[in-house]
Amino acid sequence: MAGHSQFKNIMHRKGAQDKKRAKIFTKIAREITVAAKISDDIDSNPRLRAAISAGRAQNMPKDNIERAIKKATGAGEGDNYEEVRYEGYGTAGVAVIVEALTDNRNRTASEVRAAFTKSGGNLGETGSVGFMFNRLGEIVYPASVAGADEIFEAALEAGAANVESDEDSHIVDTELDDLNAVREALTEKFGDPESAKMVFRAATEADVTIDQAQSIMKLVDVLEDNDDVQNVWTNVAWTDEIVAALDN
């Protein structure tokens, strides 16, 4: 779990410096639209609630949120997004999973393939690396919301599988079927989380050099810069040495 936390911290600090707010809003808006197609009833649709919470956490304007919902309900004009997953290998055989929401499969596949190729990796078939990851529910709260012990006790009581806390955040892991129930229980006690979603967590981590880790991070950066890409997961073992090098 430590490697996961360290990587999150790198991305948090890096993101504070160079992520473009417009791109963040675009990605969240797509998630809201896709979630709202299931149902636009916030009370009965936990995925929509989670997407809206993510938007609010990024100070996304209310008008943007409402417009994204209208696209799904037919009250507004919009593209028909579909969920696509890509799997492949980066530098040093590192496993990479890319989740996307796209209105053009051919365009997205071409751009994702190009990103892998330019980084010295290659795009594989669906399932080629998925077996190296566990599919979990993940709920994230800022560290300021409560102490580690309080979060830990509340999360376990709600049915969580594990909790990890550091100076930046509390990360609560759940079984997939328990994600919504645990989220509801924690929301009642601590308010809306920063995020609540299904994630891929590496079952077996890959040891890499600093140079190889930097190459992987370049691939992740290129992929995340693509508006169609929602999430990128790798199985890199983020050691303290690698974290320090990337953070500098």
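1. Ser53 is buried, at a relative accessible area of 6%. Buried means under 20% relative accessible area, exposed means over 50%, and partly exposed is in between (1.4 Å probe, protein chains only). Ser53 sits in helix H3, residues 46–57. Helices (H or I, at least four residues) and strands (E, at least two) are DSSP runs, numbered from the N terminus. Which residues does Ser53 contact, its neighbours within four places in sequence left aside? They are Arg183, Asp192 and Pro193. Contact here means heavy atoms within 4.5 Å.

2. A word on the model. It is predicted, so local features need pLDDT of at least 70 and side-chain atom pairs count only at pLDDT 80 or more, while totals for chains, interfaces and linings use all residues. Residues are numbered from 1 along each chain as its sequence is written, and side-chain values use heavy atoms, with hydrogens and water left out.

3. Now the whole chain. It has 9 helices and 8 strands. Of its 248 residues, 47% are buried. Take the contacts with a separation of 6 or more: 72% of them join residues 24 or more positions apart.

4. Arg183 and Asp192 form a salt bridge, at 3.9 Å from N to O. A salt bridge is a side-chain nitrogen of Lys or Arg within 4 Å of a carboxyl oxygen of Asp or Glu. Arg183 is buried, at 3% relative accessibility. Asp192 is partly exposed, at 41%.

5. How many salt bridges does the structure hold? There are 15. Side chains of opposite charge can pair when their charged atoms come close. Are the two partners buried or exposed? Arg201 is buried at 10%, and Glu138 is buried at 6%.

6. Glu66 and Lys62 make another salt bridge, with the closest N and O atoms 4.0 Å apart. Both belong to helix H4 (62–73), and they are 4 residues apart, so about one helical turn separates them. An α-helix has 3.6 residues a turn, so residues three or four places apart point the same way. Glu66 is partly exposed at 35%. Lys62 is exposed at 61%.

7. Salt bridges can also be listed as a network. Arg30, Asp103, Arg107 and Asp228 are linked in one.

8. Lys27 deserves a look. It lies in helix H2, residues 21–38. Lys27 is buried yet has no salt bridge. The nearest side chain of opposite charge is Asp227, 5.3 Å away. For charge, Lys and Arg count as positive and Asp and Glu as negative; His and the chain ends are not counted. Residues up to four places away in sequence aside, Lys27 touches Glu224, Asn226, Asp227, Val229 and Gln230.

9. Helix H5 spans residues 105–118, which is 14 residues. From first C-alpha to last it reaches 20 Å, close to the 20 Å expected at 1.5 Å a residue. The expected span is 1.5 Å times one less than the number of residues.

10. Which residues of H5 are buried? They are Thr108, Ala109, Val112, Ala115 and Phe116. They cover an arc of only 125° around the axis, so they lie on the same side of H5. The arc is that of the directions from the helix axis to the C-beta atoms. The buried residues of H5 pack against strands E1 (82–89), E2 (95–102), E3 (122–124) and E8 (229–234), and against helix H8 (210–224). The face of H5 turned away from the buried side carries exposed Asn106, Thr117 and Lys118.

11. Look at both ends of H5. Asn104 caps the N-terminal end: a side-chain oxygen lies 3.2 Å from the backbone nitrogen of Asn106. Such a polar contact is a pair of N or O atoms within 3.5 Å; within protein, one must be able to donate a hydrogen and the other to accept it, and residues adjacent in sequence count only if both atoms are side-chain atoms. After H5 comes Gly120, with a positive phi near 85°.

12. The side chain of Asp41 reaches the backbone nitrogen of Asp43 at 3.1 Å. Asp41 is partly exposed, at 35% relative accessibility.
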